[in-house]
Amino acid sequence: MTAELPARTQAARPPRFQPANPARPTILVANDDGIFSPGIKALGLALAEVGNVFVVAPDVEQSAVGHGITIRRPLRFKHTAAAGFGDIPAYRVDGTPADCVVLGVHLLARPDLVVSGINIGPNLGDDLTHSGTVAAAIEGLALGIPSIAFSQQARPDGEYDFAAGAAYAARLAAEVAARGLPPRTLLNVNFPGTGPQGVQVTEVGMHRWEDRIDSRQDPEGREYHWVAGTSTAPEDEDERTDYGAVQRGFISVSPVRLDLTARDLMPQLSEYLPAL
């Protein structure tokens, strides 16, 4: 005798987000360090002073996952009062930072602004290509929503102080919510580890990670590999770049345009492109 399976039930959706003050901008906050990160808590609480905030973040750390979207398995979306956001609605997702933005927009509300961070560690130069923090902002941009990514350098002792960065993030978010951003453009912001000396609009520099593969054996003698690396920047990295500004103690604000076409190469490519 075969037992009958219970009928499939339609899960109740979370309640739509209702702004407490409709005159203020609605802000979706995400990150890649996870919902229990002190960086996102500092950011969310600071943004609540200037907008109607709701938080959607990964349930575990998702650093360096890039702009991945989960399509081969279901996603869990759970309210998480234990994250410590007080009256701010906070949800965790067992997926990527981009998943968090997609679910937040479609399940809770379409915000006026998507803000990601504050990341534990800077996102400079080539870091933008793999950063989950920046990927959340890119997903907001892809949905047509002005977006900002915030990251924080460590102090010399290796610890993090998010207070100054979170306060500045709230001020900048209010300006961007009021003024908007050009299409396909986001802001990538990095805070120095100690008290900032000022704010600088910067280029995205050439900072990158020099990959190193650490090969080992597990207890059964099978080989495995650990991808590691060292942070590097060209010797001529100057004060105009994000890396140069942060190294000098400045807040770096880089406008980043998601335009992948190398238009300057198109005429030359047309000249030698083989015909069918």
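**Close-up views of a predicted model**

**View 1. Aspartate 218 sits in a loop between two strands.** The loop in question runs between strand S9 (208-217) and strand S10 (223-232), and aspartate 218 has its place there. This is a predicted model, so treat the atoms you see here as computed ones. The aspartate 218 side chain reaches over to the backbone nitrogen of glutamate 220, at 2.9 Å. As for glutamine 153, it's 65 residues from aspartate 218 in sequence, and C-alpha to C-alpha the two are 34 Å apart in space.

**View 2. Strand S5 has a pairing partner in S1 and another in S6.** S5 covers residues 113-120, and seven of its eight residues are buried. With strand S1 (residues 26-30), S5 pairs in the parallel sense over four bridges; look for valine 29, whose bridge partner in S5 is valine 115. S5 also pairs with strand S6 (residues 147-152), again in the parallel sense, over five bridges. Here valine 114 has serine 147 as its bridge partner in S6.

View 3. On H1 (residues 38-47), the buried residues are Gly39, Ile40, Leu43, Gly44, Ala46 and Leu47.

**View 4. Serine 37 makes a contact at the start of H1.** A side-chain oxygen of serine 37 gets to within 3.1 Å of the backbone nitrogen of glycine 39. Glycine 39 is also one of the buried residues of H1.

Key. Residues numbered from 1 in each chain as written. Predicted model: local features only at pLDDT ≥ 70, side-chain atom pairs only at ≥ 80, totals over all residues. Heavy atoms only, no water. Buried < 20%, exposed > 50% of the residue type's maximum accessible area, 1.4 Å probe, protein only. Pairing = 2+ DSSP bridges. Polar contact = N/O pair within 3.5 Å; in protein donor to acceptor, adjacent residues only side chain to side chain.
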